[in-house]
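Dear colleague,

I am handing over the structure below, and after it you will find what came out of going through it. Please read the notes with the coordinates open beside them.

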Amino acid sequence: MEPQLILLFSGKRKSGKDFICEKLRKTIGDDDCCIVRLSGPLKQFYAENHNLEWKELMSDGPYKEQYRTDMINWSDGVRKKDPGYFCKAACQTAPSKKLWLVSDIRRKSDVKWFKMNYSNLKLIRISADLEVRQTRGYTFTKGVDDVESECDLDDFKSWDLQLINNCQEDSEKNIEEIMRSISYT
Ligand SMILES: Nc1ncnc2c1ncn2[C@@H]1O[C@H](COP(=O)(O)OP(=O)(O)OP(=O)(O)O)[C@@H](O)[C@H]1O
């Protein structure tokens, strides 16, 4: 079964993409929806290639940050040959649910791939103030924050929803707004 609706989430590091997706998943329930992470197959293939612990890479800790730059460069090489490689891999292994929450689109080529392969999409941009992101652990890192994976969608204009996520209250409003804007049976 193909999903009836796919929500694609984008946002700068520590804007709270994962936080919002998890909250939404809990609100909607696992029967109808699941989170799809493009970083899943990317990290899995990177770990296999480099003899690393995949589960550690998937967690939100220092291990992930340690390898972030190299992972970006390595995955850019893969994407050069096939821009949709990680999107395809993530969707092929995603569970069959009515609604997919894709938590980490980063490039115009990700948007393009989903538009080419699925019809019912909503694009959602999450943002948070720099100071707030800093309290969540963000520090500017050269080679991570000034490259395509972090900046390519900064000038993208066709968002269906643009949400500010600075605090708990914002996140609750955001969930309500997303819930109002989606429909599937
Ligand atoms: N509205 C919020 N209220 C409180 N804490 C939040 C909120 N949004 C995010 N956080 C916290 O901020 C941290 C970063 O959030 P999250 O991992 O969702 O960001 P992200 O955009 O997915 O980051 P990355 O791109 O680095 O994976 C987490 O510890 C999360 O719990």
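Four bridges join strand 4 (residues 121–127) to strand 5 (161–164), and the two run parallel; helices (H or I, at least four residues) and strands (E, at least two) are DSSP runs, numbered from the N terminus, and two strands are said to pair if DSSP finds at least two bridges between them. Please bear in mind that this is a predicted model, in which local features need pLDDT of at least 70 and side-chain atom pairs count only at pLDDT 80 or more, while totals for chains, interfaces and linings use all residues. Residues are numbered from 1 along each chain as its sequence is written.

The sheet as a whole is open and consists of five strands in the order 2-3-1-4-5, with parallel pairing. Strand 2 (33–36) and strand 5 stand at the edges, each with a single partner strand, so one side of each has no neighbour in the sheet. From one strand to the next the twist averages 20°. Further in, strand 1 (residues 5–11) is joined to strand 4 by six bridges and to strand 3 (residues 99–102) by four bridges, and both of these pairings are parallel. On the strand 3 side, Leu7 stands opposite Leu101. Ile126 of strand 4 is the bridge partner of Gly11, and Ile126 also has Leu163 in strand 5 as a bridge partner.

Next, the helices. Helix 1 (residues 17–28) and helix 9 (168–181) pack at an angle of about 60°, with their axes 10 Å apart; axes here are lines fitted to C-alpha atoms, for helices over the stretch in contact, and angles run from 0 to 180 degrees between N-to-C directions. The two helices are therefore oblique to each other (angles under 35 degrees count as roughly parallel, over 145 as roughly antiparallel, 65 to 115 as roughly perpendicular and the rest as oblique). Helix 1 contributes Phe19, Ile20, Lys23, Leu24 and Thr27 to the contact, and helix 9 contributes Ser171, Asn174, Ile175, Ile178 and Met179, where two residues are in contact if their C-beta atoms, placed from the backbone, lie within 7 Å.

Asn165 lies in the loop between strand 5 and helix 9. The UniProt annotation "binding site", from an unreviewed entry, covers Asn165; UniProt positions are given in the numbering used here, feature names are shortened, and annotations may be inferred rather than shown by experiment. Asn165 counts as buried because it has 22 C-beta neighbours inside 10 Å (buried means 20 or more other C-beta atoms within 10 Å of a residue's own, exposed 12 or fewer, and partly exposed in between, with C-beta atoms placed from the backbone). Leaving aside neighbours within four places in sequence, the contacts of Asn165 include Ser15, Gly16, Ile20, Ile126 and Asn174.

Two further loop residues deserve a look for their backbone angles. Most residues other than glycine have a negative phi. Lys14, in the loop between strand 1 and helix 1, has a positive phi near 65°, and Lys14 counts as buried, with 20 C-beta neighbours inside 10 Å. Asn51, in the loop between helix 2 (39–50) and helix 3 (54–58), has a positive phi of about 60°, but Asn51 is exposed, with 6 other C-beta atoms within 10 Å.
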